[in-house]
Amino acid sequence: MDIFNKIPVMDRTALRELKKGIDSSFKEFSRAYGDGIEGFFDPLLHFLIWLEKLLVNSPWPLVIGVFALLAWIGSRSIKLVIGTVVCFLVIGYFGMWKNCMATVAIISVSTLVCIVVGIPIGIVMSKSARAEKAILPVLDMMQTIPSFVYLIPIIMLLGIGKVPGLLAVCIYALPPIVRLTNLGIREVDKETLEASEAFGATPMQKLRSVQIPLSLPTIFAGINQTIMMALAMVVIASMIGVKGLGVPILQAISNQYLALGMMNGLAIVALAIIFDRVTQQYGQRIQKHRGQLKK
Amino acid sequence: MKIKRILLSLAVVFGLTSFGSVANAACGNITIANMNWASANFMAEVDKIILEEGYGCSVELVPGATMPTFTSMQEKGEPDVAPEFWANAAIIALNKAVDEGKMHSLNKAPITGLGEGWWVLPHTLKKHPELTTAEAILARPDLFPHPEDPSKGGFHICPPGWNCELSNRNLYKAFDMEAKGWAIVETGSAAGLDGSIAKAAERGENWFGYYWSPTAIIGKYDMRAVDMGAWGGKDNWDKCIVLPEQECGDPKATSWTKSEVYTIVTDNFKNTAGSAGMEYFKKRTYPGPVMNGMLVWMGENQAEGADAAIEFLKTQESVWSKWVSSDAAKKIKKAL
């Protein structure tokens with residue numbers, strides 16, 4: 001039986017036509033709407049460029065001071081503040097300051113975008129089982145689809161540079177914050193909710209003063225994961241023309257420059273550890289606060 | 001590197017076990033390097049058909065890559081032919097081998113109009129026909145807005161880590177492009193560079209930057225090479241332009257170095273293929289647009305070099321019939 005030995009295959013020309021059709025319809029779409037979509041992202045681009053210029057052009061002690069202050073506000077741990085300062089000094093000393101600031105800029109903006117987009121989606125998911133069912137597979141896809149696949153349409157639509165890079169990062173980094181917002185709100189204690197209802201809280205009041213505050217630690221874990229995943233995308237983003245620590249890594253890959261690759265890779269690790277520890281400590285502090293309230 | 005090594009060993013294994021087959025009186029067994037990029041793959045397939053059908057040779061294609069194939073040809077005399085050999089990488093060793101009579105470079109320009117440099121899209125020239133030289137283009141950064149800072153011109157360079165990235169950065173300095181209102185566009189990867197061209201071409205935007213020919217991109221969008229001006233000398237290029245920025249203090253404006261691409265054969269080829277075969281390789285020159293057109297055809301039809309070779313021989317008789325004797329041309333036509 002031939003059919004058991006050979007899997008049924010689409011006719012070669014038909015398959016080719018199908019692929020061509022997909023390609024050309026996407027090209028038409030990009031020709032028709034590309035400029036508009038690009039225009040839509042313009043404010044984001046300007047913000048990114050402004051932030052990067054600000055970070056690069058400000059005197060370095062000031063920038064490090066601001067980072068130290070943020071670390072202190074987040075963690076209240078003097079050890080972490082010292083660690084942050086030392087890390088940035090070392091990064092600067094090894095000549096990676098400019099690239100590092102470019103990376104910090106894109107990571108901060110993409111985290112911001114993810115928060116602004118992700119938390120509302122997470123809330124919608126927690127409110128409606130149907131929305132959750134619809135959105136979950138999309139999140140799965142965003143996390144697993146190889147980034148090179150969506151880089152092609154993004155380049156066709158938006159060209160190369162910061163905005164397409166930002167989108168690529170966000171596609172990968174958005175899911176954790178959505179998932180954990182959803183989870184956090186769903187996990188809020190039923191009795192607490194009932195109590196608030198008993199006091200006559202409207203659904204909006206319930207959300208704003210009960211559900212979100214109580215799920216903040218979980219949401220914060222989501223933000224933490226989002227930052228980590230955004231940092232993991234730095235090299236991929238550099239492949240479509242985003243400046244930053246990814247560029248020297250690509251140089252190192254094609255030329256087998258061991259030291260260059262290691263130094264920039266470790267700089268990304270250092271950034272990741274600082275961001276991770278600060279946000280985690282902050283999340284824990286919120287939790288502590290909640291624990292005290294309960295007692 | 002690993003792939004190259006595997007290919008080398010493959011080349012050697014295939015070469016050593018050259019298969020016994022119908023040896024023709026006039027022409028024996030020949031191995032041709034089938035390099036791992038589209039244009040060379042296509043050329044090898046065309047050579048195979050022409051030598052087999054027109055001259056009665058028995059041709060075997062062996063996988064290859066520039067350096068492994070060259071080393072194997074030099075040391076083992078196998079494969080016999082490298083149809084599209086980019087000689088810049090091995091020019092000294094090649095000249096030595098040619099002097100010793102171990103190898104012959106039969107054709108110093110198997111494809112015309114080939115090489116690296118700066119390019120623009122044809123619709124740019126239609127609107128601004130004066131933009132054929134680097135000088136004219138660099139005077140108009142406003143026509144090529146940088147994606148991140150539209151007040152500057154965008155100059156697309158090679159992805160990080162490629163040798164041409166360094167050359168382009170130095171040329172950026174040499175042509176004093178910063179003062180003229182230009183900024184470098186980082187392309188990030190081959191896909192980024194190609195994508196930026198495709199996007200500009202589809203949307204009718206202007207694009208200016210580095211590319212090379214023969215490639216499907218050049219053919220597909222009919223890109224035009226920019227006249228970069230006079231050649232600034234070998235010392236300027238080899239001792240400055242190709243080095244990292246900090247080692248090239250005073251780069252001078254120059255055209256791109258000429259890419260030496262040859263068809264090279266081993267000395268043994270003279271014996272097996274005879275003067276007829278040698279003559280064929282000497283005459284076989286693909287006009288650049290024809291080659292790029294075939295690469296576009298391959299891309300659009302997702303075809304292999306072998307399919308493209310048949311398509312080429314069927315549709316472009318006026319090109320290839322000049323390469324062979326009329327007798328051989330008849331035989332080839334009949335075989336198609």
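Chain A splits into domain 1 (1-32) and domain 2 (41-294), with bounds that come from an automatic or database domain assignment. Taken over C-alpha atoms, the centres of domain 1 and domain 2 of chain A sit 38 Å apart.

Keep in mind that this is a predicted model, where local features need pLDDT of at least 70, side-chain atom pairs count only at pLDDT 80 or more, and totals for chains, interfaces and linings use all residues. Residues are numbered from 1 along each chain as its sequence is written, while chains are lettered from A and ligands numbered from 1 in the order in which they are written.

How far can you trust it? The model scores ipTM 0.78 and pTM 0.78. Chain B averages a pLDDT (the predictor's confidence in each residue, from 0 to 100) of 87, and 92% of its residues score at least 70. Where pLDDT is low, the predicted coordinates should not be read in detail.

Now to where the chains meet. Counting residues as in contact if their C-beta atoms, placed from the backbone, lie within 7 Å, chain A brings 26 residues and chain B brings 20. Helix H8 (residues 190-203) of chain B supplies the largest share of chain B's side, 8 residues.

Inside chain B, take helix H2 (residues 38-55) and helix H15 (residues 326-335): they pack at about 110°, axes 8 Å apart, with axes being lines fitted to C-alpha atoms over the stretch in contact and angles running from 0 to 180 degrees between N-to-C directions. That makes H2(B) roughly perpendicular to H15(B); the label covers 65 to 115 degrees, with under 35 roughly parallel, over 145 roughly antiparallel and the rest oblique. Ile49(B), Ile50(B), Glu53(B), Gly54(B) and Tyr55(B) of H2(B) meet Ala328(B), Lys331(B), Ile332(B) and Ala335(B) of H15(B).

Another pair in chain B is helix H12 (residues 288-301) and helix H13 (residues 305-315), which pack at about 130° with axes 10 Å apart, so H12(B) and H13(B) are oblique to each other. Met294(B), Trp297(B) and Met298(B) of H12(B) make the contact with Ala308(B), Glu311(B) and Phe312(B) of H13(B).

Key
Contact = placed C-beta atoms within 7 Å. Helix = DSSP H or I, 4+ residues; strand = E, 2+ residues; numbered from the N terminus.
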